[in-house]
Amino acid sequence: MSARVLVGVKRVIDYAVKIRVKPDRTGVVTDGVKHSMNPFCEIAVEEAVKLKEKKLVKEVVAVSCGPQQVQETIRTALAMGADRGIHVEVSGKDYETLGPLQVSKILAALAKKEQADLIILGKQAIDDDCNQTGQMTAALLDWPQGTFASEVNIEADKLKVVREIDGGLETIKINLPAVVTADLRLNTPRYATLPNIMKAKKKKIANVKPADLGVDVSSRLEVLKVDEPPQRQAGVKVETVHDLVGKLKEAGRI
Amino acid sequence: MANPLRAEVVQLYKTLLFLGREYPKGADYFRDRLRAAFAKNKDVSDPEKIKELISRGEFVVKELEALYYLRKYRALKKRYYETE
């Protein structure tokens with residue numbers, strides 16, 4: 001098959017890091033905080049590489065949008081088995097307001113330019129939890145979509161996707177080209193080992209600007225404020241049932 | 001140290017050091033234990049014994065990768081999916 005797969009990867013704050021809100025309440029502290037590839041994006045890369053190993057696709061291209069640092073994330077994807085990378089340079093204010101709409105416009109433009117047959121993305125990013133980029137990309141390209149995929153198979157010229165939905169699993173058959181978003185149980189991502197990371201240094205990462213793709217990255221959204229979730233109140237211990245009843249009456253509960 | 005095996009041992013050490021960066025108890029904790037473990041065996045010269053220690057090291061590599069994966073999977077499952 002001469003198929004080309006585009007995989008979108010996002011650089012996010014590492015899942016294990018404790019998030020702190022900035023004192024000015026405009027966002028979250030990102031300076032000096034450990035960042036890594038979004039876990040769902042790792043699963044997406046793994047699926048693309050698996051398809052290549054099964055010889056169902058020919059080339060896996062990893063794409064990421066952001067400042068210089070996202071090249072690390074693209075390198076991780078290359079170490080996991082992607083063939084080449086594309087870094088869409090977005091920095092400063094534009095990067096702070098970059099959201100699913102802008103990313104999906106970029107991905108759609110790239111898919112046309114690179115003549116991709118399949119786009120695999122993570123279902124959502126663990127920092128903004130939007131769960132929109134895959135769906136928007138499919139809509140912009142007018143391609144079918146298989147979202148929340150827990151199993152993907154290429155059968156003849158169609159894609160069979162098993163989706164995780166409320167209440168169970170749904171199996172659909174969609175035409176290629178298509179957009180797939182990866183859910184947690186799609187696969188087990190491989191670890192990027194040191195020798196693979198060394199080999200990945202030889203793989204190319206192309207540099208592109210959104211303007212080159214004809215995409216306007218201005219956002220129509222403005223973040224008003226960011227707050228921490230309310231602190232959990234400490235519980236109160238009482239000695240007897242009598243006290244418990246008394247406290248409940250005080251709180252107006254009974 | 002036996003010459004051809006030296007390269008393997010060094011590579012094993014580098015791999016473990018790289019993996020240790022993500023260790024839950026801290027990269028320093030891991031690095032200290034790693035150095036102690038390798039230093040303890042530095043006088044072993046029998047190639048068979050060295051090979052056995054290397055495969056034990058490779059086992060630890062696999063265990064660490066499994067640990068990291070499970071930790072991530074469980075954290076994400078807890079965060080994103082309703083637990084019954």
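Biologist: On what conventions does the description rest?
Modeller: Residues are numbered from 1 along each chain as its sequence is written, and chains are lettered from A and ligands numbered from 1 in the order in which they are written. In this predicted model local features need pLDDT of at least 70, side-chain atom pairs count only at pLDDT 80 or more, and totals for chains, interfaces and linings use all residues, while side-chain values use heavy atoms, with hydrogens and water left out.

Biologist: Which order of elements does chain B show from the N terminus on?
Modeller: Helices (H or I, at least four residues) and strands (E, at least two) are DSSP runs, numbered from the N terminus. Chain B has three helices and zero strands. From the N terminus on, its order is α-α-α.

Biologist: What radius of gyration does chain B have?
Modeller: The C-alpha trace of chain B spans about 55 × 25 × 15 Å along its principal axes. The radius of gyration is taken over C-alpha atoms, and the globule rule is 2.2 Å times the number of residues to the power 0.38. For a compact globule of 84 residues a value near 12 Å would apply, but that of chain B is 16 Å.

Biologist: How many residues of helix α2 (residues 70–80) of chain A are buried?
Modeller: The buried members of α2(A) include A:V70, A:I74 and A:M80. After α2(A) comes A:G81, with a positive phi near 135 degrees. The helix is mostly covered, the buried count being eight of its eleven residues.

Biologist: Is A:E239 buried or exposed?
Modeller: A:E239 lies in the loop between β11 (205–208) and α7 (241–250) of chain A. A:A109 is 130 residues from A:E239 in sequence and 67 Å away in space, C-alpha to C-alpha. Because its relative accessible area is 74%, A:E239 is classed as exposed.

Terms used: Buried means under 20% relative accessible area, exposed over 50%, partly exposed in between (1.4 Å probe, protein chains only).
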